[in-house]
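Trainee: Could you walk me through this structure? I have not looked at one like this before.
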Amino acid sequence: MLLEVKDLVKEYKRGDTSFPAVNNANLSVSHNDFVSVIGRSGSGKSTLLNLIAGLLKPTSGSIEIEGRDILSLNDEYASFYRNSKIGYVPQGQSVLANLTVLDNVRLPFYFFKREGDAVKKALSLLEQVGIPHLAQSYPKQLSGGELRRVSIARALINDPTILIGDEPTGDLDAQTTAEIMKLFSQFPSKRTAVLMVTHELDTVDYGNRIFKMDSGILAEQIK
Amino acid sequence: MKQTPLTIQQLSIYNLKRRPFRTACLIIVVAILAFTLFGSSILIISLKNGMNNMEQRLGADLMVVPSGYKSDIEGILLSGEPSYFYFSGLVAQQIAQVEGVSQVTSQFFLSSLSASCCSAQVQMVGFDPETDFVIQPWIAKTYGSAIGDGQLIAGSDIVLESNHTLKFFNHSYPVAAQLEKTATDLDSSVFVNMNTMKSLLIAAREVGMNFISDTQPEGAISSVLVKINKGYDAEKVARDIRANVSDIDVIVSKDMVTGISNHLDSLIAYIYALAAVLWILAALVLGAVFSVTVHERKKEFAVFRILGATRKKLVGIVLAESFFASVAGGIIGTTTASVVVFPFSTYIGDKLQLPYLEPKAGVILGVLTLSLLLSFAVGPLASIYSATKISGAETYLSMREGE
């Protein structure tokens with residue numbers, strides 16, 4: 001199993017009372033899965049993804065990626081894990097304005113020591129996501145759809161085993177949404193699992209499994 | 001396609017380049033600090049050097065001049081303003097009789113002219129090699145032997161003729177040696193023994209300059225320098241001299257040095273305070289700028305974390321940015337200070353009306369290194385709080401706050 005989430009709880013405090021944003025969530029993902037998590041705004045979807053990506057600390061529970069408990073890792077190892085095993089496409093615009101498209105894509109390659117040609121790889125990924133001609137452009141010159149493609153290419157630079165998308169088509173038009181989802185749907189066949197949260201029901205058709213999140217409770221839906 | 005690896009340093013440089021206004025502001029703040037640190041340190045050391053030199057130069061415990069010429073002798077000593085005044089040579093003998101006086105020596109002042117007869121207008125000091133205890137020890141450091149008749153020793157500021165001579169009252173005199181810079185009257189004075197001084201007086205008379213009027217006695221002198229015996233109070237001996245010799249002014253060297261020293265101390269305290277306030281101010285301004293900037297860039301740093309950057313790397317990026325801005329500011333500030341302080345040292349000394357002697361190259365290098373280190377450190381020190389704060393923030397929350 002690629003990802004194993006067990007009894008995951010994340011509680012937040014609002015005033016004196018605490019409430020669970022994620023309530024005893026259990027989830028297993030294999031290498032060729034495309035998992036869609038749907039739910040209304042505030043249901044805890046993004047919190048779940050951020051917990052899995054190691055960007056938030058859970059109140060309790062466990063998260064294992066390829067059999068390794070990522071919650072027990074120190075910052076150095078957890079960062080390395082996130083950098084090399086997880087490709088994360090955040091919600092909204094997340095491309096760094098100071099860097100060119102090419103530099104944005106190759107950036108995660110340099111966070112840890114690696115062999116290989118980052119530039120060649122980044123250019124190849126830009127080709128895959130359909131924007132090789134924008135390599136030397138700056139983010140402000142790009143459209144929303146193009147920026148999302150840059151985020152996807154960047155998430156793939158270190159050959160992750162799981163691609164996490166936090167509403168990756170949230171602010172895109174229907175045609176661009178379809179193009180992006182088509183792109184996402186290609187990865188499970190290349191043994192990169194996709195875990196994506198969305199509130200757009202149209203996009204769940206691209207996945208093979210659907211989970212619904214409601215008030216922090218995660219439940220698998222029959223497709 | 002050739003591209004440089006995106007190291008922390010490279011990312012910091014990109015960030016600085018893409019925010020030219022903010023970067024320029026950071027650099028200017030550090031440059032002002034570096035300018036003040038380096039410039040004021042050189043100024044302080046130069047003033048202290050000048051003061052030390054003057055103390056050594058005075059060499060005598062008391063100086064006796066004709067009544068009413070106290071300010072003239074101070075002017076000669078401090079600013080090298082040429083002057084001349086005379087009283088009877090008998091004064092030296094009278095002073096020697098006063099209790100507590102150990103040694104006396106006379107000096108004779110003459111001023112050359114700012115005219116075609118002379119190379120330059122300078123203060124000429126004649127001394128008696130037999131009794132002198134002030135000029136000769138000083139000259140010996142550079143020249144190593146006594147000055148012969150007809151020879152000159154020139155101060156460092158005096159420009160010599162091409163044949164290593166100086167022309168005074170239409171006569172050329174060979175310059176035996178030129179002294180090192182001292183920041184005192186020595187620099188703009190010419191020293192001769194009394195025999196040479198006599199021939200200079202004759203030459204002056206030939207061009208119509210009668211320095212000594214007919215009413216002034218033969219064997220006239222300009223000042224008597226006095227060394228007192230150990231255990232005697234300079235003030236008391238001065239009082240005794242005033243009581244025994246008429247129409248004179250007695251200057252207690254220590255009082256003069258103390259007066260200048262007090263003036264210098266308050267100036268130095270003011271400069272130190274200014275440098276300290278500026279350093280703190282620069283640290284506060286930079287700290288505030290980095291705090292605001294890092295807050296604005298929360299989302300950017302959250303993206304770095306999402307992509308796998310360690311907390312240490314985030315701290316590194318912020319510190320590297322502040323370090324590079326500090327390095328640029330430090331270099332610009334010290335270079336500007338050098339351009340202002342070194343070429344205008346004479347002007348600064350004149351304006352301050354204090355002895356001013358620039359330190360040697362080794363000291364300048366040491367001050368430069370220290371100023372640069374303090375300037376380079378101010379940025380990283382000021383940004384360390386913001387860097388640590390951002391690295392400790394919850395990525396998910398930073399990402400949401402930044403939206």
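Mentor: We will go through confidence, overall build, strand pairing, a few single residues and the contact between the chains.

Trainee: Okay, what sort of model is this, and what are its overall scores?
Mentor: This is a predicted model, and its scores as a whole are an ipTM of 0.90 and a pTM of 0.71.

Trainee: And what pLDDT does chain A average?
Mentor: Chain A averages a pLDDT of 89, and 100% of its residues score at least 70. Within chain A, the confidence is lowest in helix α6, which covers residues 174-185, at a mean of 83, while it is highest in α3(A), at 95.

Trainee: What about chain B, where is confidence lowest there?
Mentor: In chain B the lowest confidence is in helix α13, residues 395-401, with a mean of 66, whereas helix α10, residues 311-341, has the highest, at 93. Taken over the chain, the average pLDDT of chain B is 83, and 90% of its residues score at least 70.

Trainee: Back to chain A, how many helices and strands does it have?
Mentor: Its secondary structure comes to 6 helices and 10 strands, and the C-alpha atoms fill a box of roughly 50 × 40 × 40 Å along the principal axes.

Trainee: How does its radius of gyration look next to a compact globule?
Mentor: A compact globule with 223 residues would have a radius of gyration near 17 Å, and chain A has 17 Å, so the two agree. Buried residues make up 48% of the 223 residues in this chain. If you take the contacts in chain A between residues at least 6 apart in sequence, 70% of them join residues at least 24 apart.

Trainee: Which strands pair with β9(A), and in which sense?
Mentor: Strand β9 of chain A, residues 209-214, pairs in the parallel sense with strand β3 of chain A, residues 34-38, over 4 bridges, and one place to look is A:Ile38, whose bridge partner in β9(A) is A:Lys212. With strand β10 of chain A, residues 217-221, β9(A) pairs in the antiparallel sense over 5 bridges, and there A:Phe211 has A:Glu220 as its bridge partner.

Trainee: How many residues sit between the strands in that β9(A) and β10(A) hairpin?
Mentor: The hairpin has 2 residues between the strands, and A:Ser215 takes a positive phi near 50° in it.

Trainee: How many residues of the two chains are in contact?
Mentor: There are 23 residues of chain A in contact with 23 residues of chain B. On the chain A side, the elements that give two or more residues are α2 (75-85) and α3 (101-106), and α2(A) gives the most, with 6 residues. The residues on that side divide into 12 nonpolar, 6 polar and 5 charged.

Trainee: Last one, what does the domain assignment give for chain B?
Mentor: It gives domain 1, made of 8-53 + 260-401, and domain 2, made of 68-246, and the C-alpha centres of these two domains of chain B lie 49 Å apart.

Notes:
Residues numbered from 1 in each chain as written. Chains lettered and ligands numbered in written order. Predicted model: local features only at pLDDT ≥ 70, side-chain atom pairs only at ≥ 80, totals over all residues. Contact = placed C-beta atoms within 7 Å. Nonpolar A, V, L, I, M, F, W, Y, C, P; charged D, E, K, R; others polar. Pairing = 2+ DSSP bridges. Domains from an automatic or database assignment. pLDDT = per-residue confidence, 0-100. Rg over C-alpha atoms; globule rule 2.2 N^0.38 Å. Buried ≥ 20, exposed ≤ 12 C-beta atoms within 10 Å, placed from the backbone.
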